[in-house]
Structure formats: structure tokens, C-alpha cells
Amino acid sequence: MKSCVKDRFRMVRSGRMPEDVLFPITDARKTLKWINAKAKTNVQGHGLRDTFASIAEELVSGGLLKRMLNHSVAGDVTLGHYVGKSEAQLRAGWQTVADFIEAAALLPTPDDVKVVAGAAFGSDPVGTSAHTGLAK
């Protein structure tokens with residue numbers, strides 16, 4: 001986790017019990033709408049869950065993933081009766097996914113490469129389409 005996020009976490013978390021909520025969100029839809037407005041995106045809640053599950057599926061066991069997504073294990077004899085997952089294991093799984101996403105966010109995108117390529121070959125002043133590699 002980035003240090004600013006850890007600092008915020010510590011500030012919000014101080015004096016709370018482990019079962020207390022970290023961020024008191026009463027309406028997830030309104031919160032996501034606010035985030036989308038600030039970020040100028042149109043992300044939907046189920047899309048976030050779907051993306052998380054797709055990433056986690058490559059990084060953690062199927063049983064852990066099922067528990068991380070809070071899916072029922074009642075019909076699964078192995079997971080429901082024999083395989084237990086502790087809170088520490090769940091936290092480690094979530095952290096593994098978070099670390100992967102954070103590392104992936106630092107990688108250049110194809111658009112970044114276009115900007116660099118345009119800057120390398122463009123002779124116009126900074127900020128023009130030839131310099132940035134972006135079309136006019």
C-alpha cells in the first residue's frame with residue numbers, strides 16, 4: 001500500500017475494533033457515483049467485483065477466492081467442511097491482489113508509448129499534437 005493510504009488507514013482506524021467498518025458508506029451507489037464524477041469515469045460496482053475476481057483468480061487458490069468474494073460454501077463439501085480460511089489468509093489474498101493492481105498501474109500503457117514516440121519524433125513545441133503524439 002502507498003504510504004499516504006497507510007497513513008489515512010491508521011488515522012481512520014485508530015480507536016476502532018476489528019469488526020468496526022473502516023469507511024462508513026451508507027449508500028455504495030451514491031459513493032461510486034461521487035467517485036465516478038471526480039475521476040470522470042463510468043465504473044459500475046459489479047464491474048469492479050468482476051475485475052477483482054478475474055485478477056485474483058490468477059493469484060490465489062479457488063477456495064480462497066470464493067471466500068474473498070464472500071460466496072457461499074454451504075454446497076461445497078470440501079470448502080464447507082474441511083478447508084478453513086482465517087482472517088489472516090483472507091487479508092493476505094486481498095493484499096496480493098492489491099499489490100498486483102498497484103504494480104500494474106505503474107506500467108506504461110499503449111497510449112503512454114504513443115506519447116513518448118510522438119515526443120521523440122515531433123519537432124513542434126511542447127504541448128502540440130506532434131510533440132505529444134496525440135492526433136489533432
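I take helices to be DSSP runs of H or I with at least four residues and strands to be runs of E with at least two, numbered from the N terminus. By that rule L59 lies in helix α3.

**Entry 1: ground rules**

I am working on a predicted model, in which local features need pLDDT of at least 70 and side-chain atom pairs count only at pLDDT 80 or more, while totals for chains, interfaces and linings use all residues. I number residues from 1 along each chain as its sequence is written, and my side-chain values use heavy atoms, with hydrogens and water left out.

**Entry 2: the chain as a whole**

I looked up the secondary structure and found eight helices and zero strands, which read along the sequence as α-α-α-α-α-α-α-α. I then noted that 16% of the 136 residues of the chain count as buried, where buried means under 20% relative accessible area, exposed means over 50% and partly exposed is in between, with a 1.4 Å probe and protein chains only. The accessible surface comes to about 10,600 Å², and 61% of that surface belongs to carbon and sulfur atoms; the areas come from the Shrake-Rupley method with a 1.4 Å probe, and for residues only the protein chains shown count as cover. Taking contact to mean heavy atoms within 4.5 Å, I recorded that, of the contacts with a separation of 6 or more, 26% are between residues 24 or more positions apart.

**Entry 3: the nonpolar core**

Which residues make up the largest nonpolar core? I listed eleven, namely F52, A53, I55, A56, V60, L64, L65, M68, L69, L90 and V97. The term stands for a set of buried Ala, Val, Leu, Ile, Met, Phe, Trp, Tyr and Cys residues joined through side-chain atoms within 4.5 Å. Helices α3 (45-59), α4 (62-68) and α6 (87-105) each give two or more residues to this core, and α3 supplies the largest share, four residues.

I followed M68 in particular, which is found in helix α4 and is buried, with a relative accessible area of 7%. Not counting residues up to four places away in sequence, M68 touches F52, A56, V60, L90, G93, W94 and V97. I also noted that M68 and Q89, although 21 residues apart in sequence, are 9.4 Å apart in space, C-alpha to C-alpha. From the side of F52, again leaving aside neighbours within four places in sequence, the contacts are M68, L69, W94 and V97.

**Entry 4: surface patch and salt bridge**

Back at L59, I found that this residue forms a nonpolar patch on the surface with F100 and I101, with about 250 Å² of accessible area together. Patches are made of residues with over 30% relative accessible area and no salt bridge, with nonpolar side chains (Val, Leu, Ile, Met, Phe, Trp, Tyr) joined within 5 Å and like charges within 9 Å. L59 itself is partly exposed, with a relative accessible area of 34%.

How many salt bridges does the count come to? I have one, by the rule that a side-chain nitrogen of Lys or Arg must be within 4 Å of a carboxyl oxygen of Asp or Glu. The side chains of R91 and E87 meet in it at 2.4 Å, N to O. R91 and E87 both lie in helix α6, four residues apart, about one turn of the helix. R91 is partly exposed at 45% relative accessibility, and E87 is partly exposed at 47%.

Beyond its neighbours within four places in sequence, N36 is in contact with T41, N42 and V43.

N42 sits in the loop between α2 and α3 and is exposed at 65% relative accessibility. The side chain of N42 makes a polar contact with the side chain of Q44 at 3.1 Å.

K40 is also placed in the loop between α2 and α3, and has a positive phi of about 55° although it is not a glycine. K40 is exposed, with a relative accessible area of 77%. I found a positive phi, near 60°, in N70 too; N70 lies in the loop between α4 and α5 (77-82) and counts as exposed at 69% relative accessibility.

Technical notes:
Polar contact = N/O pair within 3.5 Å; in protein donor to acceptor, adjacent residues only side chain to side chain.
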